[in-house]
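Student: I would like to learn how to read this structure. Can we go through it feature by feature?

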Amino acid sequence: MNHFNIKTPSNATMLLSHGSPRGAAANFASESNSLGRSLDFSWVRRAGKGCRLRSKNCRVVTSVEKNGRFEVKAFTEEQEALVVKSWNSMKKNAGELSLKFFLRVFEIAPTAKKLFSFLRDSDVPPEQNPKLKPHAMTVFVMTCESAVQLRKAGKVTLRESNMGDLGAAHFKYGVADEHFEVTKYALLETIKEAVPEMWSPEMKNAWGEAFDQLAAAIKAEMKPPSHL
C-alpha cells in the first residue's frame, strides 16, 4: 500500500492519475487561495478490482473515475460549519421555507407535479393542497439534516427514512437526473433567500456538495424492490 500526505487548500477538489500506486501524481484545483490542513491518502488494493483511494483523516470523500483519473471531493470542516450555521438560522422557519422550496421546483419544472399522486389529478393549486406542506417539510428537513450530519457521520444518513426505501420510491415514480438538478437549484435559491446575510460562494458550494452526496446515495438505491 502506497501512502502519501499532501497539503491541500481548505476546500479542495483533487485529481489523481489512475495508474500504479507508486506512480500516483496529484493536481489540485480550488476556489480557495488559502492553504488548509493536510489530507492523508492511501491507495488500497482490492482483490480483482484494482485500487481505491482511502482518506485517513477526512471523514467524507467521494471518488469518481473520469478519463483515467480519479476526481476526489472532501466535505471539509469549513463547509460543515457553513451548513450548520445556516441551518440553525433556518430551522425555526422550516415549514414556510419547505413550501417555498417545493413551489420553486414546480415553477421551474411544472411537470414535476406529476411525480406526486396527491398533486397529479388535483385541481387545487399546489400551495393550497393540504398534503403538500407536510410532505415538503419532511423532504426539506431530511435534506438539511443529512447535510448537517454528513461529515461527522462519514456518510449520508437519514434519521427517519431508510435509504433503500427512499431509492425504491424514487425509482417507482420515475425520478430522473433532471429532477435532482432542478431540486438542487431550488434548494440553493431557497437557502440564499432565507439567509441572505450569510450567503456566499463558499456556502453555496457547501450546500451543493452536501446535496450532491445525498442525491448520489439515493441514485445508488434507485432499483426495483427485491422479491424474495
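Student: At what angle do α5 and α7 pack?

Tutor: Axes are lines fitted to C-alpha atoms, for helices over the stretch in contact, and angles run from 0 to 180 degrees between N-to-C directions. Helices (H or I, at least four residues) and strands (E, at least two) are DSSP runs, numbered from the N terminus. Here α5 and α7 pack at about 80°, and their axes lie 7 Å apart. Angles under 35 degrees count as roughly parallel, over 145 as roughly antiparallel, 65 to 115 as roughly perpendicular and the rest as oblique. So α5 and α7 are roughly perpendicular to each other.

Student: Which residues of α5 and α7 meet?

Tutor: Contact means heavy atoms within 4.5 Å. From α5 come Met163, Leu166, Gly167 and His170; from α7 come Leu214, Ala217 and Ile218. For classes, Ala, Val, Leu, Ile, Met, Phe, Trp, Tyr, Cys and Pro count as nonpolar, Asp, Glu, Lys and Arg as charged, and the others, Gly among them, as polar. The contact of α5 with α7 has five nonpolar, two polar and no charged residues.

Student: Where do these coordinates and numbers come from?

Tutor: The model is predicted: local features need pLDDT of at least 70, side-chain atom pairs count only at pLDDT 80 or more, and totals for chains, interfaces and linings use all residues. Residues are numbered from 1 along each chain as its sequence is written, and side-chain values use heavy atoms, with hydrogens and water left out.

Student: How many helices and strands does the protein chain have?

Tutor: Seven helices and seven strands. Read from the N terminus, the order is β-β-β-β-β-β-β-α-α-α-α-α-α-α. Among contacts in the chain with a separation of 6 or more, 64% join residues 24 or more positions apart.

Student: How do α2 and α4 pack?

Tutor: Their angle is about 100°, with the axes 8 Å apart. That makes α2 roughly perpendicular to α4. The contact includes Leu99, Phe102 and Phe106 of α2, and His135, Val139 and Phe140 of α4. By class, this contact of α2 with α4 has 13 nonpolar, three polar and one charged residues.

Student: How much space lies in the largest pocket?

Tutor: First, the method. On a 1 Å grid over the protein atoms alone, a cavity is a set of points where a 1.4 Å probe fits but cannot get out, and a pocket is an open set with protein on both sides within 12 Å along at least five of seven lines; lining residues have an atom within 4 Å of a point. Grid points are joined across faces, edges and corners, and a volume is the space filled by probe spheres set on the points. The largest pocket holds about 700 Å³.

Student: Which residues lie nearest the centre of the largest pocket?

Tutor: Phe102, Phe116, His135, Val139 and His170, out of 27 lining residues. The lining divides into 19 nonpolar, eight polar and no charged. At least two lining residues come from each of α2, α4, α5, α6 and α7. The largest share, five residues, comes from α4.

Student: Is Ser200 buried or exposed?

Tutor: Buried means under 20% relative accessible area, exposed over 50%, partly exposed in between (1.4 Å probe, protein chains only). Ser200 sits in the loop between α6 and α7. Its relative accessibility is 18%, so Ser200 counts as buried. Of the 228 residues of the chain, 42% count as buried.

Student: Which residues does Thr183 touch?

Tutor: Leaving out residues up to four places away in sequence, Thr183 touches Phe101, Val105 and Phe211. Thr183 belongs to helix α6. At 22% relative accessibility, Thr183 counts as partly exposed. Glu181 is in helix α6 as well. Glu181 is partly exposed, at 49%.
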